[in-house]
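Thanks for coming. Today I will go through the pockets of one protein and then its salt bridges.

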Amino acid sequence: MKTFKPFLICLICLYTSINFAQEQSKKVEIGTPKDILDLCTFKNSKNNLNRQIKFKLTDNHSIPISLKDYYYENGEMSLNGTIEKNEKSVFILRGNQNNIYGYALDQTKSYGYEYTTNKTGKVTVQKVPSHKLVSVCNFNNPQHQHHEHSKEHIGNYPGTDVRKLQSLPGAPKVMYIDLREIMNGANPKYGSKEDIWKVYQCLASALSAFNVNVTTDHSLYTATPVVNSGIAQMKSQTGRSYAYLNSFGTSRPSIIYRETNPKFYGLTLAHEVGHQLGLSHDRGTPGGEYYQGLPEFQWVPIMGNYYFSSSWGNPLFQYSKGEYNTATNKENDLTLIRRYLSYRQDDNSQGKALQISNGTVNQEKNKGLIETNSDTDRFNFSIGSSGGKINLSIKPIEYITFLDINARIENSNGATVAQSNPKRDRKANFNQNLPSGNYTLIIESGSEGTPSNGFSRYSSLGWYGISGSITGTSNGTNPTITFSTPTNNQVITLDQLKPVSIQINVTNTGSSSYSSTINVDNQNFNGTSASWTPSKYGNFTIKGTATTTTGKTGSSTINITIKEPNNNPPSITIISPNNGQVFEQTTFQPITISCNISDPDGDSTTTEINVGGQTFNSSTAQWTPSNYGNFTIRFRTTDSKGASSEKTVQIQVKNPSTGSVCDNIEEWKTSKTYKIRDKVVYQNTLYEAIWWSRYAFPNIYTQVWKRIGSCNAALIATTLVGNPINNSLSLRNRVGSIKIYNQSGNYIDDIKHDDKDIRHYQPGVYFIRIGYKGQTKMIKFIKK
């Protein structure tokens, strides 16, 4: 969940003592990521949000930062704000105890300060040009006539609410397209819902190979941790779109200004999100800052000038690592993106059967995703004894195309019998006769020309679909699935959640090959065996499925129970000291504390003894007190499965020669009810109740408890309230025998309560004598 705390002020001391005009590249170490994290996070304390902290870089200069948003959870921090009283500035800082990144930038200046973590684990600050931190994109739009030739991303606009779109529900990362400014309720202020769908699909296509959910759902964005999300704000006015580099994982948005053409509106969105993921412009000739691509191959990098693709029939938009011969930016885009987003899991790692129904190959049942440039997807099929013919098309199915397809067909011996990757035609096609046998259709990333004059497989990623027809296929029969282990309704007892072996048998497949899967606990395993670790204890259904190359499918399910054994807590037997034992010491000496631990289940245990603010991780301890008073000794033991037991004893340590003000005063107990004037000892301190209470800690609830003093204080702590006195004499901490004498030493009266009426006394000097446990104390007072 997002945690936003506005208007927080912290002092960020920026390094200014070096002449950066001469030493532009010099980096200065300022500490470790953990140092920075400790200074700029406010863990478990809401009160700290109003304080000022100093993020120390040097002793020279500090700049106050107004933090608009603050997030800290599970060790991950994200801060977003501005330099105080400077709305044209940007401050970003994010990271954890291993890595910190951020920057402070005054956008009226040509430089900023960038914080990075080096290879030795130190955070450094460096003055850098502003274009390294923010990219304001100013494309040269050639205004060519636009051809609507692109494919829809996994289908056409279905008429759903465009404010609730998701590309990969459940993904751990979220890229949010904020439509709120360009929408009027459920309808866009400009263009149609289909236009909004196309804009969204451009970004979904650009990120389809990655484990991220591209969404327009604001509630989904707010429910995702800041460090796992990015945001792009769509604007209703026109202008120059811009983004802050490496701002994914913060609440700092990219700004996307409106364009009338939804495709280029969406391409601009994908381009700016690339900046948020750390990508810089693809530069080269022609185009300079924004490379215009290769018209011969209809290829252009998404971080270049994609507007020049508007007249191409089959444009290919891709990430780049500067392989073309005029490139001046050699950054590896995919490596930079993977700092934030991982690739999606391979959807076809073991191969699968090509789904054929009455000779028809339907795209909806035969599609896949090339997640990496090394990914190879395999589809199996068989041709019967009379031979047959294939007429297949494998083509990208996303709204904008990042995938160039190279496909081939191999026979059962692994020999290639057909191959297709036509130039400037992103799809592959097959139309030929095949003899009887088993075949595999292999689909992978395509390339054209050479890397320096053309493009490699580097960034051919995305969704494809297979359609067409195959005649002469071998029908076969539905396979039969049986389970070797576990068996139906089996109860498996596990002392901890650890791997369970699953094995299925596949029979009755005829001469066809097959692919099989095992599904359990929302997990899929390819093949006939699996090692599955349950996510919890409980009941589960396991499903085994097999599909032959001819499209025949069989499945079977069983039910099992994963049960946790009963766990009994360990027991404690206290050996010493005894509860209520008094230790009289004129000098502080070690006290032996010990206990016996036993666990009925035979589990290993750990034991902790806590006394006087000290902790001993053992069942025995030698503890030397540092003061006199009452003490609670707490014994706690925990077994390896988490069950625990606890016992306590109370002891007193006293000086036999002087005694203590806390003698015979009981320790405060949580659940006991106390009334006015009750005295208790808590943390070696004497307290007196000034109101009735229960569960009120004496050191916290000062409106309920009055602190008398330390148990180490003098035995007689009685004091007189007020002096001189008119009518009533009041004592505090009254103990022992108390008598009043006049100035001549003659006995006058006894004091048996905290208050004494003396209005009948003659004006003059008097003395109060207090006797307690062999000690005497005299207090002088004047009666007016």
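A word on domains before we start: their bounds come from an automatic or database domain assignment. This is a predicted model, in which local features need pLDDT of at least 70 and side-chain atom pairs count only at pLDDT 80 or more, while totals for chains, interfaces and linings use all residues. Residues are numbered from 1 along each chain as its sequence is written, and side-chain values use heavy atoms, with hydrogens and water left out.

Pockets come next. On a 1 Å grid over the protein atoms alone, where a 1.4 Å probe is fitted, a pocket is an open set of points with protein on both sides within 12 Å along at least five of seven lines, and lining residues have an atom within 4 Å of a point. Points are joined across faces, edges and corners, and a volume is the space filled by probe spheres set on them.

The largest pocket holds about 870 Å³ of space. Its lining has 37 residues, and the closest to the centre are Arg94, Tyr101, Asn246, Arg339 and Tyr340. Domain 1 (28-132) and domain 2 (174-339) each give at least three residues to this lining. By class, 10 of the lining residues are nonpolar, 17 polar and 10 charged. Here Ala, Val, Leu, Ile, Met, Phe, Trp, Tyr, Cys and Pro count as nonpolar, Asp, Glu, Lys and Arg as charged, and the others, Gly among them, as polar.

Where does the second largest pocket lie? Domain 3 (352-471) and domain 4 (480-563) both contribute to its lining, so the pocket lies between them. Its space is about 690 Å³. Of its 26 lining residues, the closest to the centre include Asp347 and Lys352. The lining divides into 3 nonpolar, 18 polar and 5 charged residues.

Now the salt bridges, meaning a side-chain nitrogen of Lys or Arg within 4 Å of a carboxyl oxygen of Asp or Glu. The whole structure has 25 of them. One joins Glu688 and Lys706, at 3.6 Å from N to O. Glu688 is in strand β50 (residues 685-689) and Lys706 in strand β51 (residues 705-710), so this pair ties together parts 18 residues apart in sequence. Strands are DSSP runs (E, at least two residues), numbered from the N terminus. Glu688 is buried, at 9% relative accessibility, whereas Lys706 is partly exposed at 26%. Buried means under 20% relative accessible area, exposed over 50%, and partly exposed in between, with a 1.4 Å probe and protein chains only.

Note on methods: Helix = DSSP H or I, 4+ residues; strand = E, 2+ residues; numbered from the N terminus.
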